[in-house]
Amino acid sequence: MNAKKNNGFRAAFGNAFLGFDYAFRTERNLKIHFTVAVLVITAGALLKVSALEWAILMLTIGAVFVTEMINTAIEYTVDLASPEKHDLARKAKDVSAGAVLIIAASSVIIGLIIFLPKLIALF
Ligand SMILES: Nc1ncnc2c1ncn2[C@@H]1O[C@H](COP(=O)(O)OP(=O)(O)OP(=O)(O)O)[C@@H](O)[C@H]1O
């Protein structure tokens, strides 16, 4: 019983990892987010952001990845359900892309709030 549960847990974890790996290899936007995340983490270390600022940055990076991956999943699902052109398919993809745009804009603002004062203080 427990071994069965463990196998189920391992399989679910493996599937989730495969999903991330597949999305990362095929989605250009995820590679861009990854590059920006590395730059933000480097800047955070160099500019010595506080523990709370680290927490906000990590949450923001996570939110961008999660939103982009859900957007990708919605695109796959829409393509499966409606390979032909359909107004609802267009709306579903546009709303999903809008969600990515909102979190991307929010993260730029969060980045400015955290890093701008520290950069200004350098000069
Ligand atoms: N089946 C469809 N019916 C109607 N419009 C669609 C359909 N598929 C895509 N579109 C329109 O084309 C746009 C781009 O869709 P596409 O699937 O190419 O996403 P994408 O450009 O690959 O997105 P991303 O860059 O986030 O991966 C959608 O936002 C939507 O407006």
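Leaving aside residues up to four places away in sequence, Glu27 touches Glu68 and Thr72. Glu27 sits in the loop between α1, residues 2–26, and α2, residues 28–46. Keep in mind that this is a predicted model, and that includes these contacts.

Is Glu27 buried, exposed or partly exposed? Glu27 has 16 C-beta neighbours inside 10 Å, so it counts as partly exposed. Being buried would take 20 or more other C-beta atoms within 10 Å.

Glu75 is in helix α3.

Now the ligand. Which residues surround the ligand? They are Asn29, Asn71, Glu75, Ser82, Lys85, His86, Ala89, Arg90, Lys93, Asp94 and Ala97. By type, the shell divides into 2 nonpolar, 4 polar and 5 charged residues. Two helices, α3 (51–81) and α4 (87–122), each supply at least two residues of the shell. Which helix gives the most to the shell? That is α4, with 5 residues.

Ile70 and Ser96 are 26 residues apart in sequence, and their C-alpha atoms are 8.0 Å apart. Ile70 lies in helix α3. With 13 other C-beta atoms within 10 Å, Ile70 is partly exposed.

On to the chain as a whole. Its secondary structure comes to 4 helices and 0 strands, and read along the sequence the pattern is α-α-α-α. The radius of gyration is 18 Å, well over the 14 Å that the globule rule gives for 123 residues, so the chain is more spread out than a compact globule. Along the principal axes, the C-alpha trace spans about 55 × 45 × 20 Å. Of the 123 residues, 8% are buried. Among contacts with a separation of 6 or more, 69% are between residues 24 or more positions apart.

The unreviewed UniProt entry also carries the annotation "transmembrane region", covering residues 32–49, 55–74 and 95–116. I have numbers for two of these spans. Residues 32–49 are 83% helix and 0% strand, and the end C-alpha atoms lie 23 Å apart. For residues 55–74 the figures are 100% helix and 0% strand, with the end C-alpha atoms 28 Å apart.

Last, confidence. The mean pLDDT of the chain is 94, and 95% of its residues reach 70 or more. For the complex, the predictor gives an ipTM of 0.86 and a pTM of 0.87.

The ligand shell takes 5 residues from α4, and 5 of the shell residues are charged. That is all I have.

Terms used
Residues are numbered from 1 along each chain as its sequence is written. This is a predicted model: local features need pLDDT of at least 70, side-chain atom pairs count only at pLDDT 80 or more; totals for chains, interfaces and linings use all residues. A residue is near a molecule or strand if its C-beta atom, placed from the backbone, lies within 6 Å of it. Ala, Val, Leu, Ile, Met, Phe, Trp, Tyr, Cys and Pro count as nonpolar, Asp, Glu, Lys and Arg as charged, and the others, Gly among them, as polar. A residue is buried if 20 or more other C-beta atoms lie within 10 Å of its own, exposed if 12 or fewer, and partly exposed in between; C-beta atoms are placed from the backbone. Two residues are in contact if their C-beta atoms, placed from the backbone, lie within 7 Å. pLDDT is the predictor's confidence in each residue, from 0 to 100. The radius of gyration is taken over C-alpha atoms; the globule rule is 2.2 Å times the number of residues to the power 0.38. UniProt positions are given in the numbering used here, feature names are shortened, and annotations may be inferred rather than shown by experiment.
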